[in-house]
Amino acid sequence: MPYCPQCHVEYQPGIVECADCVIPLVEGTPQFCHNCREFVRPDDTFCDNCGVLQQELPSDDTPECENHPDRNAIGGCVICGKPVCDECSTRHNGRIFCENDNHLSLHQGFVVAYTTSTDYEAEMIKANLEGASINAVVFNQHDHVYFTNMGALAMVNVMVPRSQLEEARDVINALINEEGLPGDEDDEKENA
Ligand SMILES: [Zn+2]
Ligand SMILES: [Zn+2]
Ligand SMILES: [Zn+2]
Ligand SMILES: [Zn+2]
């Protein structure tokens, strides 16, 4: 059955567009993370929400720990996307973090304001947020060897302090309207 990749509603065969989101449907069944039950896109390696490795991957596609090339990763840091093994990861509220302590504290104070697949767009948004006195940080999966092979599928997240999220959204929305960037899905990702 076709389903909407944004709101995850399933439609009858033959329907091609989500009535609510007005975006093309995709074929198949929506997949949900076995750890946190959040929606995962069919080509996601790690759950966006909790970082846990998705089990449906063919075994030769399983990424290795970036610190231990002989071990399979159990997930990717939800902040920087770094693939990590059990030993190199920390779990906090069911989410995976790499051994960089800053990433756990960032997670507690920062939220994702925008996700894109291009470095250029992320840097442009960061510059505009900084222009509005918002302390934005960019995390780029392209920094990790595993994702360089994935090209356009690797994600770049622009994160802002939780307290400035509303403000950041306004800046980003204004930019998108101005520059005609592809729309950000507007659902609130609660990282509490
Ligand atoms: Zn929809
Ligand atoms: Zn998950
Ligand atoms: Zn990290
Ligand atoms: Zn490791």
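Modeller: Donors here are N, O and S atoms within 2.8 Å of the metal (3.2 Å for Na, K and Ca), and water is not among the atoms, so sites may look incomplete. The model is predicted, so local features need pLDDT of at least 70 and side-chain atom pairs pLDDT 80 or more, while totals for chains, interfaces and linings use all residues. Residues are numbered from 1 along each chain as written, chains are lettered from A and ligands numbered from 1 in the order written, and side-chain values use heavy atoms, without hydrogens or water.

Colleague: OK. What coordinates the zinc ion (ligand 1)?

Modeller: C4, C7, C18 and C21, each through SG, at 2.3 Å. The 4 donor atoms subtend angles of 104 to 113°, which makes the arrangement tetrahedral.

Colleague: And how are those donors spaced along the chain?

Modeller: The pattern for ligand 1 is C-x2-C-x10-C-x2-C. C7 and C18 both lie in the segment before strand 1 (31–32), so that pair ties together parts 11 residues apart in sequence. Strands (E, at least two residues) and helices (H or I, at least four) are DSSP runs, numbered from the N terminus.

Colleague: Is C18 buried or exposed?

Modeller: C18 is buried, with a relative accessible area of 0%. C7 has 30%, so it is partly exposed. The cut-offs are under 20% for buried, over 50% for exposed and partly exposed in between, with a 1.4 Å probe and protein chains only.

Colleague: Which residues hold the zinc ion (ligand 2)?

Modeller: The protein donors of ligand 2 are the SG atoms of C33, C36, C47 and C50, lying 2.3 Å from the ion. Their spacing in sequence is C-x2-C-x10-C-x2-C. The 4 donor atoms around ligand 2 subtend angles of 103 to 117°, which makes this arrangement tetrahedral.

Colleague: How accessible are C33 and C36?

Modeller: C33 is at 0% relative accessibility, so it counts as buried. C36 has a relative accessible area of 24%, which makes it partly exposed.

Colleague: Now P30. Where is P30 found?

Modeller: P30 sits in the segment before strand 1, and at 10% relative accessibility it counts as buried. Beyond its neighbours within four places in sequence, P30 is in contact (heavy atoms within 4.5 Å) with Y3, H8, E10 and F39.

Colleague: How many residues apart in sequence are P30 and Y3?

Modeller: P30 and Y3 are 27 residues apart, and their C-alpha atoms are 6.8 Å apart in space.

Colleague: Switching topic: what order do the strands of the open sheet have?

Modeller: The 3 strands go 7-9-8, with antiparallel pairing. To pair, two strands need at least two DSSP bridges between them. Strand 7 (110–116) and strand 8 (137–140) are at the edges, each with a single partner strand, so one side of each is left without a neighbour in the sheet.

Colleague: How many bridges join strand 8 to strand 9?

Modeller: There are 4 bridges between strand 8 and strand 9 (residues 156–161). V138 has V158 in strand 9 as its bridge partner.

Colleague: Last one: which residues have the most contacts inside the largest nonpolar core?

Modeller: I79 and F139, in a core of 20 residues. Such a core is a set of buried Ala, Val, Leu, Ile, Met, Phe, Trp, Tyr and Cys residues joined through side-chain atoms within 4.5 Å. Another core lies apart from that one and has 17 residues, among them A113, Y114, L165 and L175. Leaving aside neighbours within four places in sequence, the contacts of F139 include I79, H103, L106 and M155.

Key. Four donors count as tetrahedral if all angles lie between 85 and 135 degrees; four count as square planar and six as octahedral if opposite donors are over 155 degrees apart and all others between 65 and 115; anything else is irregular.
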